[in-house]
Amino acid sequence: MQSTDLGNKESGKIWHRKPSPATRDGIIVNIIHNTSDYLPKVLRFLNVAFDSSGDCLLAGDHQGNIYVFDLYGNRFNLVQRTAQACTALAFNLHRKSEFLVALADYSVKCFDTVTKELVSWMRGHESSVFSISVHASGRYAITTSSDTAQLWDLDTFQRKRKLNILQSVGIQKVFFLPLSNTILSCFKDNSIFAWECDTLFCKYQLPAPPESSSILYKVFAVTRDGRILAAGGKSNHLHLWCLEAKQLFRIIQMPTKVRAIRHLEFLPDSFDAGSNQVLGVLSQDGIMRFINIQTCKLLFEIGSLDEGISSAVISPHGRYIASIMENGSLNIYSVQALTQEINKPPPPLVKVIEDLPKSKLNAGDLKVKVTSRRVQRPSKSRENKIQTRILKQDLAGHCENKENELSEGLSKKRLQILLKGYGEYPTKYRMFIWRYLLQLPENHTAFSNLIDKGIHAAFLNLQKNYPIKSRKLLRVLQRTLSALAHWSAIFSDTPYLPLLAFPFVKLFQNNQLLCFEVIATLIINWCQHWFEYFPNPPINVLSVVENVLAFHDRTLLQHFMEHDVTSQLYAWPLLETVFSEVLTREEWLKLFDNVFSNHPSFLLMTVVAYNICSRAPLLNCNLKDDFEYFFHHRNNVDISVVIREVYHLMDTTPADIHPNSMLDAFVSLTKGQYPVFNKYPKFVVDYQTQERERIRNDELDYLRERQTVEDMQAEVDQQRDEDEAWYQKQERLRKAEETRREMLLQEEEKMIQQRQKLAAVKRELKVKEMHLQDAARRRFLKLQQDQREMELRRLDDEIERKVHMRDREIATTAKDLEMRRLELESQKRLYEKNLSTSQEAIAKEMREDADAYRRKVDLEEHMFHKLMETHQTQIQNTQKLIEENLAKAEQACLNTDWRIQALRKQRSGDLQRNECYQEMAKLLQKNRRKEIEVLNALSEEEAKKWEEAKEKDFHLKSERKVSALSDASRKWFLEKEISDAVEHAEHPHGKVPRCQNEQVASSCFPATSQSSDISEMDSSTRISLSQRRVQWDGVERDLMERVRNLRQRLTARARHGYQTPHLLAA
């Protein structure tokens, strides 16, 4: 096994020596990707996809590097760096150099492998895309995520449709059926729907699997012809669905070590025409097992427990398997190496001739013993095996190089030269070369018209004559034969047509159009003159074969004639089956590579060559049955020797007996419409058709009459059976009635005896019941007495317990009352202390007011006594008095502020205490109803006190106003006298008698007092009065608040005192 490290290289060779995969593991090369950085690490491959040719594959790692590996050219190239992990790949678009990649950012991009440029960027998914399915034409793609599936047009890269589902029902997979316009959608609830691609019309839904083997489908695979669906999940069971019949037709159980299936994929085969029989099953242990779904046998497996496989992809032509290992590397397997032992054709069944010893070998005394057994395959030396393998490799390489030149110029002569050099065309390009050689027109419309006519009446019961195991193959054969019969009426009566068409139907099973046109071309060219003697074999063609055989091997022909073996026995079986019964698949394909590359006479020459190459065993056959067996079974004949002999016969046969003189050159089918085929005796065919139609009508009439008779007979038999059953039933009923009457009499006698016994038992039970009732009554009375005594004792205990509890409650209540009395006493003392303090403050304030008044009176008297002093003394005294008054006013303001602050502190303390009292009051809310009268009395008293306080306050204010007016009058009088003295001092000549002045002064004193009062009110005295008024109002409000709080406390004490006796009484 070779191993290749990509490293940091962008291109290079995949392998450096020619790979030689071993049969044991089949690995061609192991590809790893290690970085050569300072810290090397392994880049894991995540996804891989083959192109439509199967010789190139695309692989992406988890860092977004995408490589193209050309297995035919032994080259790899780095085509893109996406910088993010890819989640899905697709490389089978109609533009061969483009590929699709789904990235981790939920987008899908299209790149070109040649230009390495971005072609398109498709967005629309909201979760990771895990699957990309491309239509067979390469023009549409479906991208699938867990929540949606979207259909894209790869010509415009526009989204055509979007499949939205409920969140509770996720999508498992949505994909195109191969070579079909049908979309299959598989959901997580095991529902599977088929949709038409163009209209998205739901064609059908598969039914639910049986409950006995119900599994949640996770992985799916479909054969190339789109007829069988394989599904698996977390189980070792595989479900095989027939999509045509829409039913589950097989359940395959994998080995017990398989617990879950991770991937499914069918292995394509060039000769199964799409009905793949080998299925690859990748299980949870990393081993991919390939099984035959028909025989359910394990063919081979890849991977191991140590080197497990995480995912795998098979190339479209089935040559390679690319698997991503669990360690992140990429393995390429050769399917040919893995199936080398499986694909060996079985040894042919022939008659083994055992002859006598050599001493007795003469013409007259020859005796043989015929036994039927399998002939062992001739052993080959190791050297021959090596040479054969190298020859096939050179052939494939040389022919594939020629294939690259087919598009430039395809020549039949060049193909014949290649064919003579290598013996066969490469498998990969065989179908393409055949289509070129036969010049198939591919008339889709004409073929569809033939198919639309349905199954021909001649082939409705084809399975009875040709029991084919594969139902699909039988349907394709039936359709192809029906199309041939609709094309030309003779083919409906040709008995050997199924034998002639079967190998081509099996080969082109997946493309019925090509199958039909290949068979039609074969009939027109290589079956010339076959139908001239219809319904008999073509005597003219067989005579040509006989003439050629007579020329080249007269001895063999004489041997045939001696044993009454005609050309209808040694030539016609080979022609009507086109050698499919006597050759293996590889041999048959090799033969028809040469047949289609040469003149139509090559097929007739092949019959002669086959007989000549089988000369020895044929000469040893003496029985006609042996000859028949020989030409209807495989024989140990080398087809390469037969082909060489055919070319020798073509060159050495004289022109007069050469088939070329009888057969026309190759003529292809016409384009658009198929040519008319009427080279047969029409009257015979028409007569047979009429006879067949008459026979068919007679048969239908007979069948109808027989059905009618059978129905009548069935009715008569049914009526007779019903009558017989009725009589038997009546007889059984009569016997049953007699039996039941006897049983009733017996039962009545038994019932009488049982009643007598029951009456005796009842009497005994009644006596026992009376005794038991008496004992129960006495026991019940005693029980009642005991219960009453227990109840009395319990009541005594309860009374004692309640008395004890009441004593404890009384003691606790007394203690609480004592504590409450002490609290009330302390509160009373605190209240009296606060009241005395407030009274002292008020008395002190009144004393201060009286002192101020006395000082004012003394000052006025002092000012009055010194009024007659000098002008300077008066002015100084007046100023001094004014300053003293101002100082006193300022001192009064300071005192008032101090009082206001003290009152505010007291008010805050009262508020705090009020909150505490309110909390206590909440606990005593139940007793408020009984204190309403007390509260009403207190509120009336409080109102009276308020009225009295208001009256006293009003009286106090009036007294203060009167005193203020008198003070103002006196001050005005003094100021007036001072002003008169000043005027007198300034005007000494204006003297007035003293007494007169005194009178005037005395008479004017009230007026002077009034004017002085007014002036003082207009000056500083007005300001001081307003300030004092504000102070008194604040003090009054604080005092009233304190009185109100005190009353609330007294009320609370009264309530508590009222509640305590009530508790004591309780």
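Reader: How many aromatic pairs does a search of the whole structure find?

Author: The search finds 38 aromatic pairs, where rings of Phe, Tyr and Trp (its six-membered ring) pair if their centres lie within 6.5 Å. This is a predicted model, in which local features need pLDDT of at least 70 and side-chain atom pairs count only at pLDDT 80 or more, while totals for chains, interfaces and linings use all residues. Residues are numbered from 1 along each chain as its sequence is written, and side-chain values use heavy atoms, without hydrogens and water.

Reader: Why is the pair of Phe447 and Phe516 called tilted?

Author: Planes under 30 degrees apart count as stacked, over 60 as edge-to-face and the rest as tilted. The planes of Phe447 and Phe516 stand at 45 degrees, so the pair is tilted. Phe447 lies in helix H5 and Phe516 in helix H9, 69 residues apart.

Reader: What makes Phe447 count as buried or exposed?

Author: Buried means under 20% relative accessible area, exposed over 50%, and partly exposed in between (1.4 Å probe, protein chains only). Phe447 has 9% relative accessibility and therefore counts as buried. Phe516, at 0%, also counts as buried.

Reader: Why are H5 and H9 called roughly perpendicular to each other?

Author: Angles under 35 degrees count as roughly parallel, over 145 as roughly antiparallel, 65 to 115 as roughly perpendicular and the rest as oblique. Helix H5 (residues 444-452) and helix H9 (residues 512-525) pack at about 95 degrees, their axes 11 Å apart. H5 and H9 are therefore roughly perpendicular.

Conventions
Axes are lines fitted to C-alpha atoms, for helices over the stretch in contact, and angles run from 0 to 180 degrees between N-to-C directions. Helices (H or I, at least four residues) and strands (E, at least two) are DSSP runs, numbered from the N terminus.
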